[in-house]
Structures are given as structure tokens and as C-alpha cells.
Amino acid sequence: MSQAPKTFDEWWVGSHYRHFVEREGVPLYEGSALENLATLPLAGWERRGGKAAYTRLGNQETVNLQIVEIPPKGELKPERHMYEAVMYVMSGTGATTIWQEGEPKRTVEWGEGALLAIPLNAWHQEFNSSADKPCRVLFGTNMAQVINLYQNREFVFNNPFSFKERYSYSGARDYAERGVRWNTRLFQTNFVADIRSFALDSWGERGTRTSIMRLYMGNSSSQIHILEVSEGTYVTAHRHGAGAHVIVIQGEGYEYLFMPGDEGKADRRAKIPLRPYGVIAPKLNEFHQHFNSGKGPLRQLAFKGWDKGLATVTNEGKYDAVGAARSDNPYGWAFKLRYDKEDPAIREEYYEELEKNGVTLRLEPLDQAAG
């Protein structure tokens with residue numbers, strides 16, 4: 001029998017997710033941003049092979065990233081898990097094999113730019129098809145939340161239950177590149193061959209020539225979207241619950257991060273450069289704002305858990321359930337800072353950045369919600 005704890009440090013367990021990553025023997029990256037996931041240093045990963053690292057960004061443990069590198073002609077060991085995961089391919093070519101116990105296996109080939117849903121607790125295994133180049137992929141997951149919830153590795157990684165309603169070889173949606181468009185800005189699929197060229201829908205409420213597509217993948221509850229900001233413009237500052245991971249996949253620009261109350265304080269705005277495979281993860285309620293300061297579109301992939309608190313405010317409060325603004329809301333749309341309310345220095349600085357980069361196009365921001 002183990003002895004009862006005598007000190008707070010002995011009693012306090014802390015983050016089970018942190019302990020899990022320590023046992024994995026790979027790096028854990030924290031903060032609000034990482035410059036380049038494609039060159040991020042990784043370490044040998046004994047549990048599955050290859051190299052890996054994990055993130056704990058935005059001061060939260062709901063959504064996290066798992067960055068993995070597979071050596072040439074290499075493969076990862078099979079695994080299944082009780083957390084949701086979607087894989088994005090940053091570089092290289094390969095394939096993922098997916099199966100449930102007692103069912104045939106399905107193999108999906110992929111290349112750079114591919115997005116693939118991993119069905120909940122189904123077996124999956126990744127392979128690098130190149131003979132001379134490593135491939136690097138990332139998984140957007142709610143692993144941190146699930147490990148902290150159950151606090152048991154065996155339950156998370158060795159659970160025999162099959163979610164056949166989520167995935168079955170005979171009943172699941174095909175993993176060919178097709179899907180169902182349910183509505184404007186909402187598309188259901190399990191696989192996209194290249195999200196860099198995937199068609200998006202206009203999203204005028206967020207800014208001039210901004211477009212988006214929300215993806216429902218793997219019958220999961222996770223929120224995923226692709227956002228594109230056209231050359232010569234930027235989006236409104238907005239905020240929400242912690243957990244969003246915004247990854248640049250095309251273009252360049254910069255990001256502003258600031259807390260409510262600091263809207264007009266230039267010295268309180270953190271300015272972070274945006275380039276391919278950089279990631280931004282705002283903290284709870286932290287305003288963030290995407291600026292396209294390069295030539296061509298700025299396209300981003302976002303992994304996001306369900307907002308808690310902010311997205312469930314009812315009509316009794318300042319916002320309604322779908323985010324429309326009440327007349328006493330100074331921000332206009334819920335959780336969005338209108339262009340006419342932002343610090344004028346923000347736009348002045350933006351135009352200076354465009355001039356410095358040789359971008360002549362100027363799309364005057366137009367906030368439709370402001371009228």
C-alpha cells in the first residue's frame with residue numbers, strides 16, 4: 001500500500017496530459033504561437049516510431065497538436081485512441097490504413113496539403129511512400145482533454161469498443177475525395193486531397209473578400225475550418241473560447257493578439273508574423289486579427305473545440321445563440337470588433353506593410369454588420 005501524501009506537491013497531480021507527454025519522451029511546446037511547424041525540432045518517438053512533438057498552446061488543455069515525422073520508406077506502429085483526430089500533411093507523400101477489428105482495411109493515399117479524418121477509436125497506421133524524403137504530418141486532436149478526463153492510458157489507447165456509427169468499412173462514407181455540401185460554408189467529408197485549392201464560400205461578415213468553409217469530418221464534434229483572406233485586406237478582430245489553433249498553409253502576413261480593454265493600446269498588441277506552417281493559438285477571450293500583407297491569398301486551417309461559455313450565451317445576455325448583436329453591444333457582431341471601432345493606427349500600419357512589400361492592391365475593409 002502506498003503512503004498517504006504529506007505535502008501539497010505529493011498530493012497535487014497536476015496535468016495528466018503533461019505527464020503523458022513526459023512519458024512519451026518528446027518535446028512539449030507551449031505559448032501562443034509557433035513560427036514553423038514544418039521545421040519544429042522533434043525527438044525520437046519510441047511508442048509509434050518516427051519522431052514527434054506535442055503542443056500546449058493558448059494556455060489550455062482542450063485542443064492540441066501532435067507533429068510527426070516519418071522517415072523515408074518508414075511507417076508508424078498502428079494505434080487506436082479515444083480522442084478525435086484529423087491529420088494534415090505538411091510535406092511528403094504516403095498513405096494511412098484504417099480499420100475496425102474484424103473488418104477489412106481501407107488505405108487512403110495522400111500528399112502535401114491533404115486533410116484526413118481519423119475515425120474515433122478505429123485502428124490507423126501511417127506510411128511514408130518516398131524512398132529518400134521524410135514526410136511530416138500534424139494531427140489536430142482533443143487528446144489533452146481526453147487524457148485529463150480519464151487519467152488512464154489503457155482506457156484511452158487500448159479500449160476494445162468500436163464506434164461503428166462513426167466508422168465501419170461497410171457503412172462509412174467513402175474516403176475518396178467527395179462529400180456532402182449541407183449548407184453555405186458547411187461541407188461534410190472524410191478526406192480532402194489538397195485544402196490549398198479547396199473551394200470556399202464568401203464570408204462578408206468577417207471582412208471584404210474573405211471566404212471560409214467549415215468542415216465536418218469523421219462524424220466528430222471537433223470544429224474545423226479553412227479561412228482565406230484576399231490580397232490587400234484583413235479581417236476584423238474577434239475573440240472566443242480558448243483552444244483554436246490557426247495554421248497558415250498559404251501566403252504571408254501578420255497577426256495581432258490583444259486582450260479586451262487593450263483595443264486602442266498599440267503597446268499592448270502582440271504582432272506575430274504569419275508564414276506557411278506557423279500557428280497562432282489565442283488564449284481565452286483574447287482578440288486576434290489576421291492581416292494579409294503579401295501577394296496572393298492568405299489561407300489558414302483552424303482546429304477548434306467547442307466554445308464553452310461564450311458561444312452559449314442566451315438572449316438574456318448581450319448576444320443571442322447564433323452570435324447576432326444586441327443594440328447595446330459596442331462590438332457589433334458577437335465577439336467581433338467592428339472596423340469603425342478599431343484603433344485607426346491599425347489600418348495605417350497595415351497600408352505601410354503593403355507598401356513595403358510592393359503590394360499595390362487596397363481593398364477597403366467593409367464591415368457589413370456595421371451597416
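Here is a short chat about aromatic rings in a predicted model.

Colleague: What should I keep in mind about the numbering and the cut-offs?
Modeller: Residues count from 1 along each chain as its sequence is written, and in this predicted model local features need pLDDT of at least 70, side-chain atom pairs pLDDT 80 or more, while totals for chains, interfaces and linings use all residues. Side-chain values use heavy atoms, leaving out hydrogens and water.

Colleague: OK, how many aromatic pairs are there?
Modeller: The structure holds 18. Phe, Tyr and Trp rings (the six-membered one for Trp) pair if their centres lie within 6.5 Å; planes under 30 degrees apart are stacked, over 60 edge-to-face, the rest tilted. F161 and F163 are an edge-to-face pair, 4.8 Å centre to centre with 75° between the planes.

Colleague: Are those two buried or exposed?
Modeller: F161 is partly exposed at 47% relative accessible area, whereas F163 is buried at 15%. Buried is under 20%, exposed over 50%, partly exposed in between, with a 1.4 Å probe and protein chains only.

Colleague: Why is the F187 and F198 pair called edge-to-face?
Modeller: Because the planes are at 75°, with the ring centres 5.3 Å apart. F187 is buried at 15%, and F198 is buried at 14%.

Colleague: Switching topic, which residues form the aromatic cluster?
Modeller: Y234, Y254, Y256, F291, Y339, Y350 and Y351 form one cluster.

Colleague: And which ring does R47 lie over?
Modeller: R47 lies over the face of F157, 4.6 Å from the ring centre. K105 lies over the face of W99, at 4.2 Å. The criterion is NZ of Lys or CZ of Arg within 6 Å of the ring centre and within 35 degrees of the ring normal.
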